[in-house]
Amino acid sequence: MSMANTIETNSTVKTTAVFSKNRKDRYLLKVEWDSNKKSLAIIMTYPSSADELTLDQTTMLVRNEAIKNDFGSVSIVNVFSSINNEAPKIDKTNTSIVMRECENADVIIVAYGRNPTPCGL
């Protein structure tokens, strides 16, 4: 089989997840694929259990849209850090990480709510 009409592309994606020691809180999920492009911070309400290896639908859609809009990284942070959507609490660690990621981002988006039909279809 001839490979003359093909092109091979490669990328390196660095993913970082920051959890509490008991893994009941997620403070940050950051994905970087091009450090030379602008960075995005997105603030949502509560985190999912997505981590450095496993993405959920929301984190996948956020990453895909960031790529389509020419960002090189996205930091996903949340107003509340509890993965199980427990009663909101003041969390100094979470506040510190949200502030740091927003200070380092070129663009900040606040997103909340739920779309009953994924991707607006």
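Which residues make up the largest nonpolar core? The views below are of a predicted model, in which local features need pLDDT of at least 70, side-chain atom pairs count only at pLDDT 80 or more, and totals for chains, interfaces and linings use all residues. Residues are numbered from 1 along each chain as its sequence is written, and side-chain values use heavy atoms, with hydrogens and water left out.

**View 1. The largest nonpolar core.** Twelve residues make up this core: Leu29, Val31, Trp33, Leu40, Ile42, Met44, Ala50, Val62, Ala66, Phe71, Val74 and Ile76. At least two of its residues come from each of E2, E3, H1 and E4. Apart from it lies another core, of nine residues, including Tyr27, Val77, Val98 and Cys102. A nonpolar core is here a set of buried Ala, Val, Leu, Ile, Met, Phe, Trp, Tyr and Cys residues joined through side-chain atoms within 4.5 Å. Buried means under 20% relative accessible area, exposed over 50%, and partly exposed in between, with a 1.4 Å probe and protein chains only. In soluble globular proteins, nonpolar side chains tend to be buried together.

**View 2. Surroundings of Leu29.** Leaving aside neighbours within four places in sequence, Leu29 is in contact (heavy atoms within 4.5 Å) with Thr15, Thr16 and Ala17, among others. The list also includes Ala50, Asp51, Glu52, Leu55 and Thr59. Val74, Ser75 and Ile76 are contacts of Leu29 as well.

**View 3. The five-stranded sheet.** The sheet is open, with strand order E1-E2-E4-E3-E5 and mixed pairing. Strand E1 (14-19) and strand E5 (107-110) are the edge strands, each pairing on one side only. From one strand to the next the twist averages 15°. Helices (H or I, at least four residues) and strands (E, at least two) are DSSP runs, numbered from the N terminus. Two strands pair if DSSP finds at least two bridges between them. Strands of a sheet pair through backbone hydrogen bonds, either parallel or antiparallel.

**View 4. Two strand pairs within the sheet.** E1 and E2 run antiparallel and are joined by six bridges; Lys14 stands opposite Glu32 in E2. The two strands form a hairpin with six residues between them, and Arg23 in the turn has a positive phi of about 60°. Strand E3 (residues 38-44) and strand E4 (residues 71-78) pair in the parallel sense over seven bridges. Lys38 has Phe71 as its bridge partner in E4.

**View 5. Helices across the sheet.** Helix H1 (residues 57-68) lies across strand E2 (26-32), E3 and E4, and runs at about 145° to E4. Helix H2 (residues 92-104) lies across E1, E2, E3, E4 and E5, and runs at about 25° to E2. Axes are lines fitted to C-alpha atoms, for helices over the stretch in contact, and angles run from 0 to 180 degrees between N-to-C directions.

View 6. Six salt bridges are found in a search of the whole structure, each being a side-chain nitrogen of Lys or Arg within 4 Å of a carboxyl oxygen of Asp or Glu. One of them joins the side chains of Asp25 and Lys89 at 3.4 Å, N to O. Asp25 lies in the loop between E1 and E2 and Lys89 in the loop between E4 and H2, so this pair ties together parts that are 64 residues apart in sequence. Asp25 counts as buried at 7% relative accessibility, whereas Lys89, at 43%, counts as partly exposed. The side chains of Asp70 and Lys37 meet in a salt bridge at 2.8 Å, N to O. Asp70 is in the loop between H1 and E4 and Lys37 in the loop between E2 and E3, so parts that are 33 residues apart in sequence are tied together. Asp70 is partly exposed at 43% relative accessibility, and Lys37 is partly exposed at 36%.

View 7. Lys30 and Glu101 meet through their side chains in a salt bridge of 4.0 Å, N to O. Lys30 is in strand E2 and Glu101 in helix H2, and the pair links parts of the chain 71 residues apart. Lys30, at 27% relative accessibility, counts as partly exposed; Glu101, at 6%, counts as buried. A network of salt bridges links Lys30, Arg100 and Glu101.

**View 8. Surroundings of Phe19.** Phe19 is found in strand E1 and is buried, with a relative accessible area of 16%. Not counting residues up to four places away in sequence, Phe19 touches Asp25, Arg26, Tyr27, Ala50, Asp51, Glu52 and Ile83. Phe19 and Asp51 are 32 residues apart in sequence and 8.8 Å apart in space, C-alpha to C-alpha.
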